[in-house]
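Subject: Structure for your review

Dear colleague,

Please find below the structure that I am handing over to you. My findings follow it, and I would ask you to read them with the structure open.

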Amino acid sequence: MLPSKRAVAGEVVEEDSTIKGETLLKKPRIDSLHLCAAVEATDKNSSGNNYSSNNKLNNNGNNSGEIVKLSNMALDDGNPAEIDEDLHSRQLAVYGRETMRRLFASNILVSGMQGLGAEIAKNLILAGVKSVTLHDEGTVELWDLSSNFIFSEVDVGKNRALASVQKLQELNNAVLVSTNTTKLTKELLSNFQAVVFTDITIEKAIEFDEYCRSHQPPISFIKSEVRGLFGSVFCDFGPEFTVVDVDGEEPHTGIIASISNDNPALVSCVDDERLEFQDGDLVVFSEVIGMTELNDGKPRKVKNARPYSFSFDEDTTNYGLYERGGIVTQVKQPKVLNFKSLREALKDPGDFLLSDFSKFDRPPLLHLAFQALDKFVSDLGRFPVAGSEDDAQKLVSLAASINESLGDAKLQEIDNKLMRHFAFGARAVLNPMAAMFGGIVGQEFFYFDSIESLPSEPLDPNDVKPLNTRYDAQISVFGSKLQKKLEEAKVFMVGAGALGCEFLKNLALMGVCCSSGGKLTITDDDVIEKSNLSRQFLFRDWNIGQAKSTVAAAAAALINPHLHTEALQNRASPETENVFNDAFWENLDIVVNALDNVTARIYMDQRCLYFQKPLLESGTLGTKCNTQMVIPHLTENYGASRDPPEKQAPMCTVHSFPHNIDHCLTWARSEFEGLLEKTPAEVNAYLSNTSEYTSSMKNAGDAQARDNLERVIECLDREKCETFQDCITWARLKFEDYFSNRVKQLTFTFPEDSATSTGALFWSAPKRFPRPVEFKADDSSHLQFLMAASVLRAETFGISIPEWVKNPNKLADAVNKVLVPDFEPRKGVKIVTDEKATSLATASIDDAAVIDDLVARLEDCLDKLPKGFKMSPIQFEKDDDTNYHMDMIAGLANMRARNYSIPEVDKLKAKFIAGRIIPAIATSTAMATGLVCLELYKVVDGGHKVEDYRNTFANLALPLFSMAEPVPPKVLKHRDMSWTVWDRWIVNDNPTLRGLLQWLKDKGLNAYSISCGSALLFNSMFPRHKDRMDKKVADLAREVAKVEIPSYRRHVDVVVACEDDEDNDIDIPLVSVYFSYVSLSGLVKVSALKGKAPSVVWQMGLF
């Protein structure tokens, strides 16, 4: 199904071939599918389980019962697994190194390899657990192909587990993937830290759960199932399950401004950032000067938490007087969860985890429905038949019978219509539901349904009958008519990364764009990197360097050969509108965003608004995910509400007054790029055309030009390197400059006791008083920085790098040869302290004269350079741990942190911050795409109301699910007209400017400004614009705005600013002026969603 370049044959492993297990440690947080939580806490009181993953689970002489493993697996040698940080960097940003190590030591059983089991196994293997055992006694049916991305037609009739193992193994060769195809017994579960069942009777599940609870340590038990548009999860991690980190977030901190000598004491913090503390949180104090009694490391409880202050119950009356400084840090408290057994939870489920508050009464009903379905299958040996009213009635009767046995806990009313829908789709495992539940986390019982995804019109029983196709399971829920619409859809998907891979898999299994009339266009301008492989499951290591869209489309075609795709490598942007032109957009039905940045999302949102196409939007951040449906005329657009921009630290803070490691890393990356990329590039710009370069600098004549010239001269003269020893000298002097001389100058200019103009201490919070770092050759961190800096400096000059540089002793000897001049601080040095300053370069009245002198010095340097000399700029690359980039940045940041007594970080943490790595895991991605595809059914059907759609925010770490109806678009009104952001006013007959103004006047709108692009075509305040009144608007766009109208386009768009007769501003839609006549029928196609009302359209007469 997926790329299988590395075909691997299975082999039966002999009985005495065993793998020794490892001790598992406690779990620090709840996360995806609760499995990462489960597998890491099971050995609370144990030295570990010995897991013979190669043993036969049933020694009965029957080959079908043997465990099969793949022969190319690297087996465990008893040592802790090393984490491949290049591969798992995004996942490490979510879990952390310790959690990942524990995850890598976990053995998991996944029982039931239909669509849901395949999704769960995929996510576990991508996460990098130690081993996954696939269990299934059944065989592949054509029915399975609509939900399981592993199977193809050739697998029909094979055992599901055996048909899955090779394709799943390809996802991660560091994970041992094996199979078992016979009945499980309780005792065999002891080989695992967590077991997941997706197709099991309640009776057997109770038996296994009781065993798992009583086992020491407890084995985490998870039961999950998907039945049509309904799903459930049950988790039991034992009677006492300890979670060290309840939300997975970094501990909150605050910088102290003052502490009162009171009972209770009041702590005020600087207003740099709002405090995130809540009443009841525990915090510790550190670095407090004056009231040193608080620096004892003792946790204290927060009360009366406010945005910038809080109190704590302690009498500080007799403590020392607070002087300055201090950090307050949240202490995460462990939480013990007491899970109920399945037997207990069936009788008394307690509080359900609610996802949709419009369905607050739904979970108890589904709790009953799943029990009734289990009884139905147990009694009849089959699932209800889709469309069978008799079967639906039997299920309702069973539910009523169970309900009556509940006594006081029984439901007052059973929704027969809901039970009917449940019965009709009970046999089907839908791919979007499997994808969602494959990434979800449950807390005791969690129920979910998406009944709104059903077609808006009632289904004919004949329409849900199987057609002997791979889509029969989906047809049994939605009918063949909707299936045909899915196959004929024309979809544009932007992005082929983590979200894109999941979407492609889902669309292929759903049959979207899988007929001759359908088409899926995918575009992504990125190529595959190693770090992609832990989440973007359609890619393999041999695809590194290849185009994402091309590889992903080819892999999706293997999942479903009928998928019609066109893979492009264009960035969706204004520059590619000749590729994605009007004709392209007008032919689309749906747009799916699979993007990773807001700028691209905003652009796609604007295009969908313009062409009135539904946009399905989603995004993830670590364990969090969100989805947003943007439906023409029904919902607001994506850009209608935006998150506030991230707060940027002032430039003076980053360069002179850092107070956290983020500031240090921001500065370090800026210095890295300045020294190794921008300055060498500036040198090459000068060398490539010296006369043009010097002329441009003289013409600029400003501080920036002066700064550029000074950096070029430094590179070619005073700091020029010809040997590797020169590079070491440069690195050693940089160390002295950055971490000693600059600090000495700063503290000379602003001594520790200096005051501001208001009399306050200059070095008050959040400023931290710095101290110089003295270089020591026996300090490994100092040498590591010098090695990285000298190696990279050598690369920019094309100097060969000797092997001995990696030898600390030899490197230290070379460093000790460097003569470091003494430094004396100077008076009158200006250091920028203005937080509003945007540049550290200060202008001078003699900049022009200085620039002339610098140009002359440059000419002298040029004469001394060898012929053809050029430098090699280095572009920062965070995902290659052998290139010394992160070594230098981490070294720069940590030495600076040492200057300011800021806690240092390791290279991995530095990579997350300086590399701006977005935390990501496969489970949240899978959940987001599953939810979006449930909405896709509604969009394709076309008859749903806004209240049927759902936007979602979820955090798998808590767990939290919040689903809500989308917000309708804002309606604007004027006289008898109304419009929303979705409307576009279309004017025919190629009007003149006068004609357009009169046409608006007739509507009671007085236009005072008309613009096209960034050019002003008309403004009532400019008398000369009256000369344009009789010119065609389209001609003015060409002449004034210099608009190049493509041959396929028949209109120009203008933005009109209007007032009504009372001088109130009226925001009107974009106005499209057609210079070639467009009929109303044509307009409906251009500007309206199929099945929806068209945009506001007026046709005007000739003027």
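I begin with a pair of residues in two neighbouring strands: I986 has S1072 in β33 as its bridge partner. Please keep in mind throughout that this is a predicted model. The two strands concerned are β28, residues 984-987, and β33, residues 1070-1074, which pair in the parallel sense over 4 bridges.

The chain as a whole

The chain holds 31 helices and 33 strands. Of its 1103 residues, 57% are buried. The accessible surface comes to about 46,700 Å², and carbon and sulfur atoms account for 48% of that area. When contacts between residues at least 6 apart in sequence are considered, 74% of them join residues at least 24 apart.

As background, strands of a sheet pair through backbone hydrogen bonds, in either a parallel or an antiparallel manner. In this model, 8 strands form an open sheet with mixed pairing, and their order is β20-β19-β18-β21-β22-β23-β24-β25. Which strands stand at the edges? They are β20 (565-568) and β25 (960-964); each has a single partner strand, so one side of each is left without a neighbour in the sheet. From one strand to the next, the twist averages 10°.

Within this sheet, β23 (residues 624-630) and β24 run antiparallel and are joined by 4 bridges. Opposite F953 in β24 stands N626. Helix α17, residues 598-611, packs on the sheet and touches β18 (490-494), β21 (590-593), β22 (615-621) and β23. The direction of α17 makes about 165° with that of β22. Another helix, α15 (residues 548-559), lies across β19 (519-523) and β20, and runs at about 160° to β20.

Together with L958 and L960, F953 makes a nonpolar surface patch of about 220 Å².

The barrel

A further 6 strands close into a barrel in the order β10-β11-β14-β13-β12-β15, with antiparallel pairing. On average, neighbouring strands of this sheet are turned by 45° against each other, direction ignored. One of the pairings joins β11 (residues 265-269) to β14 (residues 309-312) in the antiparallel sense over 4 bridges. In that pairing, A265 stands opposite F312 in β14.

A loop residue

Where does D199 lie? D199 is found in the loop between β6 (194-197) and α6 (202-214). Its relative accessibility is 42%, so D199 counts as partly exposed. Which residues does D199 contact, leaving aside its neighbours within four places in sequence? They are S111, G112, Q114 and R227. S111 is 88 residues from D199 in sequence, yet the two C-alpha atoms are 7.1 Å apart in space.

Yours sincerely,

A colleague

Definitions and conventions. Residues numbered from 1 in each chain as written. Predicted model: local features only at pLDDT ≥ 70, side-chain atom pairs only at ≥ 80, totals over all residues. Heavy atoms only, no water. Patch = residues over 30% accessible without salt bridge, like charges linked within 9 Å, V, L, I, M, F, W, Y side chains within 5 Å. Areas by Shrake-Rupley, 256 points an atom, 1.4 Å probe, with all protein chains shown as cover. Salt bridge = Lys/Arg side-chain N within 4 Å of Asp/Glu carboxyl O. Pairing = 2+ DSSP bridges. Axes fitted to C-alpha atoms, helices over the stretch in contact; angles between N-to-C directions. Contact = heavy atoms within 4.5 Å. Buried < 20%, exposed > 50% of the residue type's maximum accessible area, 1.4 Å probe, protein only.
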